[in-house]
Amino acid sequence: MHKDIQEILFTEEEIQLKVKELGKQITADYAGRNLLVICVLKGAFIFMADLVKAMDIPLEIDFMAVSSYGVTTKSSGVVKIIKDLDIPVEGRDVMIVEDIIDSGLTLSYLIDVLERRNALSIAVVTLFDKPARRTVDLEPDYKGYTLPDAFVVGYGLDYAEKYRNLPYIGILKEKVYSN
Ligand SMILES: O=P(O)(O)OC[C@H]1O[C@H](OP(=O)(O)OP(=O)(O)O)[C@H](O)[C@@H]1O
Ligand code: HPA
Ligand SMILES: [Mg+2]
């Protein structure tokens, strides 16, 4: 285990099984439809790559980069679009792929943007959910795990851009961000 990790919450094997389950569920629900899958960079890049391999439906993939955390463990509350989509969402069934929903600010901002661009339907899949920290009322359509109120890293999730490459999800030691 990495020296900055206090505890592993979900192992690589557990996550892989969960992602396959989510892919199966989405495949069943979207049978016969043509989905536009939107990866919210950077955090969702690993989850997205594994998830689409578990989805057996026609789909297109696009990326959007937003950021609200910077070098902190608390949302700044201001969501910035750093890279916008290439594919128009108007009239499309859209699935937003997130790694984690924490305050909910990133997602509520994104949903608002896609609604204003007249997407036909908008669904959300997140691997991790921290409902205890929500400041806006928001429920994902598909979710992997509910997390305790602790800052986690790994499987795409970072602290100050580090730890995204850990294959598991772990709680970051407090001393890493408190000094
Ligand atoms: O529900 P919220 O409180 O808005 O937090 C969740 C968002 O925060 C993280 O992104 P971040 O802004 O850190 O950018 P990153 O994906 O590049 O790490 C994470 O990947 C989610 O997109
Ligand atoms: O717990 C977290 N870890 C990493 N990034 C995050 N963005 C929101 N919450 C988290
Ligand atoms: Mg981040």
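In β4, K80 is the bridge partner of S67. Strands here are DSSP runs of E with at least two residues, helices are runs of H or I with at least four residues, and both are numbered from the N terminus. This is a predicted model, in which local features need pLDDT of at least 70 and side-chain atom pairs count only at pLDDT 80 or more, while totals for chains, interfaces and linings use all residues. Residues are numbered from 1 along each chain as its sequence is written, and chains are lettered from A and ligands numbered from 1 in the order in which they are written.

**Six-stranded sheet**

- The strand order of this open sheet is β4-β3-β2-β5-β6-β7, and the pairing is mixed; two strands pair if DSSP finds at least two bridges between them.
- Neighbouring strands are turned by 30° against each other on average, direction ignored; axes are lines fitted to C-alpha atoms, for helices over the stretch in contact, and angles run from 0 to 180 degrees between N-to-C directions.
- Strand β3 (residues 59-67) runs antiparallel to β4 and is joined to it by 3 bridges.
- Helix α3 (residues 105-116) packs on the sheet and touches β2 (35-41), β3, β5 (93-101) and β6 (121-129); residues are in contact if their C-beta atoms, placed from the backbone, lie within 7 Å.
- The direction of α3 makes about 170° with that of β5.

**Three-stranded sheet**

- A second topic is the open sheet with the order β1-β9-β8 and antiparallel pairing.
- Its edge strands, β1 (5-10) and β8 (152-153), each pair on one side only.
- Between β8 and β9 (residues 169-172) there are 2 bridges in the antiparallel sense.
- V153 lies opposite G170 of β9.

**Helices α1 and α2**

- The axes of α1 (residues 12-29) and α2 (residues 45-53) cross at roughly 55° and come within 8 Å.
- α1 is therefore oblique to α2, since angles under 35 degrees count as roughly parallel, over 145 as roughly antiparallel, 65 to 115 as roughly perpendicular and the rest as oblique.
- From α1, V19, L22 and G23 meet F47, D50 and L51 of α2.
- The residues of this contact divide into 4 nonpolar, 1 polar and 1 charged; Ala, Val, Leu, Ile, Met, Phe, Trp, Tyr, Cys and Pro count as nonpolar, Asp, Glu, Lys and Arg as charged, and the others, Gly among them, as polar.

Technical notes
Two residues are in contact if their C-beta atoms, placed from the backbone, lie within 7 Å.
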